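Good morning. I have one structure to go through today, and I will take it from the overall layout down to single residues.

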Amino acid sequence: MNKNLTIDQYNELCKGTLMEHLGMKITVVEEGRVEATMPIDRRTVQPVGILHGGATIALAESVAGVGSYYLCSPEEHAVGMQLSVNHISSPRKGEVKAVAVILHQGKKSHIWQVEVFAADNKLVSVITVTNMIIKKKVS
């Protein structure tokens, strides 16, 4: 398991990835729960100025992925398999916070419930993420 990493180390792993490009910051990593923030800015909005649903989905899949990474053994990794999304509101400024909680931790799959909130704690989206757990291939 990857329980010995600090928040800074998790954020360091995200450098050079979509997570860094969209300004995501991991803020909490613990067994069965991950939280992260993402700014609402030129990188994450639609041309009309509201938070892009795709950016919200990327945030949700990212926090669920970090959560599964935390739970996997060193011989395993997680890959996204399915997402179900409900967008409820569309913030225009500030940042959003994603809170991921595990619903199912099986040997071959993890299911996460991710709620995304605006700065005023208004619910933005509810996303269910299913990750497949696979053995790493030895090269």
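I will start with the chain as a whole, then go to the sheet, the helix packed on it, and a few residues.

Keep in mind that this is a predicted model. The protein chain contains three helices and six strands. Read from the N terminus, the elements come in the order α-α-β-β-α-β-β-β-β.

Now the overall dimensions. Along the principal axes, the C-alpha atoms fill a box of roughly 45 × 25 × 25 Å. For 139 residues, a compact globule would have a radius of gyration near 14 Å, and the protein chain has 15 Å, which agrees. Of the 139 residues, 43% are buried. The chain exposes about 7,700 Å², and carbon and sulfur atoms supply 52% of that area. What share of the contacts between residues at least 6 apart in sequence joins residues at least 24 apart? It is 59%.

Next, the sheet. The six strands form an open sheet in the order β1-β2-β4-β5-β6-β3, with antiparallel pairing. Which strands stand at the edges? They are β1, residues 25-30, and β3, residues 76-87. Each of these has a single partner strand, so one side of each is left without a neighbour in the sheet. On average, and ignoring direction, neighbouring strands here are turned by 20 degrees against each other.

β1 and β2, the latter being residues 33-39, run antiparallel and are joined by five bridges. In this pairing Glu30 stands opposite Arg33 of β2, and Val29 has Val34 of β2 as its bridge partner. The two strands form a hairpin with two residues between them, and there Gly32 takes a positive phi near 85 degrees.

The following step goes from β2 to β4, an antiparallel pairing over seven bridges.

From β4 we move to β5. How many bridges join these two strands? Nine bridges join them, and the strands run antiparallel. One of the bridge partners in β5 is Ala118, which goes with Val96. A hairpin of three residues connects β4 to β5.

Most residues other than glycine have a negative phi, and most peptide bonds are trans. Asn121 is not a glycine, but has a positive phi of about 70 degrees. Is Asn121 buried or exposed? Its relative accessibility is 60%, so Asn121 counts as exposed.

In β6 itself I will pick out Thr130. Thr130 has a relative accessible area of 13% and is therefore buried, since the cut-off for buried is under 20%. Apart from neighbours within four places in sequence, Thr130 is in contact with Val79, Gly80, Met81, Gln82, His110 and Ile111.

Helix α1 covers residues 7-13, and Ile7 is found in it. Ile7 is partly exposed, at 28% relative accessible area. Where does Ile7 make contacts, beyond neighbours within four places in sequence? The contacts are with Ile26, Thr27, Val28 and Val29. For Thr27, which is 20 residues from Ile7 along the chain, the C-alpha atoms of the two are separated by 6.5 Å.

The last part concerns aromatic rings. A pair of aromatic rings is described by the distance of the centres and the angle of the planes. A search of the whole structure finds one aromatic pair. It is formed by Tyr10 and Tyr69, with 6.1 Å centre to centre and 90 degrees between the planes, which makes it edge-to-face. The pair links distant parts of the chain, as Tyr10 is in helix α1 and Tyr69 is in helix α3, 59 residues apart. How accessible are the two partners? Tyr10 is buried, at 2% relative accessible area, whereas Tyr69, at 31%, counts as partly exposed.

That is the end of the walk through this predicted model. Thank you.

Conventions: Residues numbered from 1 in each chain as written. Predicted model: local features only at pLDDT ≥ 70, side-chain atom pairs only at ≥ 80, totals over all residues. Heavy atoms only, no water. Pairing = 2+ DSSP bridges. Helix = DSSP H or I, 4+ residues; strand = E, 2+ residues; numbered from the N terminus. Axes fitted to C-alpha atoms, helices over the stretch in contact; angles between N-to-C directions. Phe/Tyr/Trp six-rings, centres within 6.5 Å; stacked < 30°, edge-to-face > 60°. Buried < 20%, exposed > 50% of the residue type's maximum accessible area, 1.4 Å probe, protein only. Rg over C-alpha atoms; globule rule 2.2 N^0.38 Å. Contact = heavy atoms within 4.5 Å. Areas by Shrake-Rupley, 256 points an atom, 1.4 Å probe, with all protein chains shown as cover.
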